[in-house]
Amino acid sequence: MLSNNTLEYIAVLEQEFSRHANRQLALQQEAYLRHQFRFFGISTQQRRALQKPFLQKSMLPPKTEQHGLVKVLWNKNEREFHYFGQELSIKYLKATEKEDILLYEHMVANQSWWDTVDMIANKLMGNYFLLFPEERKEHIDKWLKSNNIWLQRSALLFQLKYKDKMDLDLLEHCIRHLLGSNEFFINKAVGWILREYSRTDANWVKKFVRETSLSPLSKREALRLIS
């Protein structure tokens, strides 16, 4: 149950978004995401300006309400609430708790598309698994077996910015589990994580690509930065 202050916080945010709605822009945004979500029609720049006061430290609801608050935002129809929910979650990163992975998993598995999933995987899950590396195997294996392409994509992309902290054994495990997938978003993610790691160790990536039956898309993406 959210406090009255947090319910008011949500209500005022919704008033701000509603006041600046632009139906013409919303139609363009909805078409861009294949009509899967509704939009108020607020540009990214304008939305961030509108939500800036809500993300000030003095305005943030208590950490204890993060899960309930984000889930309320996630259940709303307009995509701007989902963007706000993930950016709000970044503000709580310094207070990350072991149970927070359940919230991040909920965010990935619901209202799912690349425009939210990739940020959640990279920034929220990525930070989480650096803090709690002992939690990786259990959750990653569950996601790989889930048949949910967005959780599977997250299993690949949470290490996107790890550089020399990359768990190569886990990365190989994830990629090999997903070999043979016909899903664009999986094969693209395989190539993306390998391409990003090639900035750290190009020789490892070249060897892995040479010895692994990757999809043409994954292979092309993986080697893009390697001459």
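The questions and answers below go through a predicted model of one protein chain.

Residues are numbered from 1 along each chain as its sequence is written. In this predicted model, local features need pLDDT of at least 70, side-chain atom pairs count only at pLDDT 80 or more, totals for chains, interfaces and linings use all residues, and side-chain values use heavy atoms, with hydrogens and water left out.

Me: How many helices and how many strands are there in the protein chain?
Reply: Helices (H or I, at least four residues) and strands (E, at least two) are DSSP runs, numbered from the N terminus. Read from that end, the elements run α-α-α-α-α-α-α-α-α-α-α-α-α. The counts are 13 helices and 0 strands.

Me: How far apart do the C-alpha centres of domain 1 and domain 2 lie?
Reply: The bounds come from an automatic or database domain assignment. Domain 1 covers 1-95 and domain 2 covers 134-226. Their C-alpha centres lie apart by 31 Å.

Me: What radius of gyration does the protein chain have?
Reply: The radius is taken over C-alpha atoms, and the globule rule is 2.2 Å times the number of residues to the power 0.38. For 227 residues, a compact globule would come near 17 Å. The value for the protein chain agrees with this: 19 Å.

Me: What share of the 227 residues count as buried?
Reply: Buried means under 20% relative accessible area, exposed over 50%, and partly exposed in between (1.4 Å probe, protein chains only). By this rule, the buried share of the protein chain is 52%.

Me: Which kind of aromatic pair do Tyr-104 and Tyr-128 form?
Reply: Rings of Phe, Tyr and Trp (its six-membered ring) pair if their centres lie within 6.5 Å; planes under 30 degrees apart count as stacked, over 60 as edge-to-face and the rest as tilted. The structure holds 20 aromatic pairs. In the one formed by Tyr-104 and Tyr-128, the distance is 6.4 Å centre to centre and the angle between the planes is 90°, so the pair is edge-to-face.

Me: How many residues apart in sequence are the parts that this pair ties together?
Reply: Tyr-104 is buried at 1% relative accessible area, and Tyr-128 is buried at 0%. Tyr-104 belongs to helix 6 (residues 100-109) and Tyr-128 to helix 7 (residues 114-131), so the parts tied together are apart in sequence by 24 residues.

Me: Why is the pair of Trp-204 and Phe-208 counted as stacked?
Reply: Both residues lie in helix 12 (residues 202-211), 4 residues apart, about one turn of the helix. Trp-204 is buried at 18% relative accessibility, and Phe-208 is buried at 4%. The ring centres are 5.2 Å apart, and the pair is stacked because the planes are at 5°.

Me: Which ring has the charged end of Arg-79 over it?
Reply: A charge sits over a ring if NZ of Lys or CZ of Arg is within 6 Å of the ring centre and within 35 degrees of the ring normal. Lys-76 has its charged end over the ring of Phe-81, 5.3 Å from the centre. For Arg-79 the distance is 3.7 Å, and the ring is that of Phe-37.

Me: Which residues does Ser-198 touch, not counting those up to four places away in sequence?
Reply: Ser-198 is placed in helix 11 (residues 184-198) and is buried, at 8% relative accessibility. Contact means heavy atoms within 4.5 Å. With residues up to four places away in sequence not counted, Ser-198 touches Val-205, Ala-222, Leu-225 and Ile-226.
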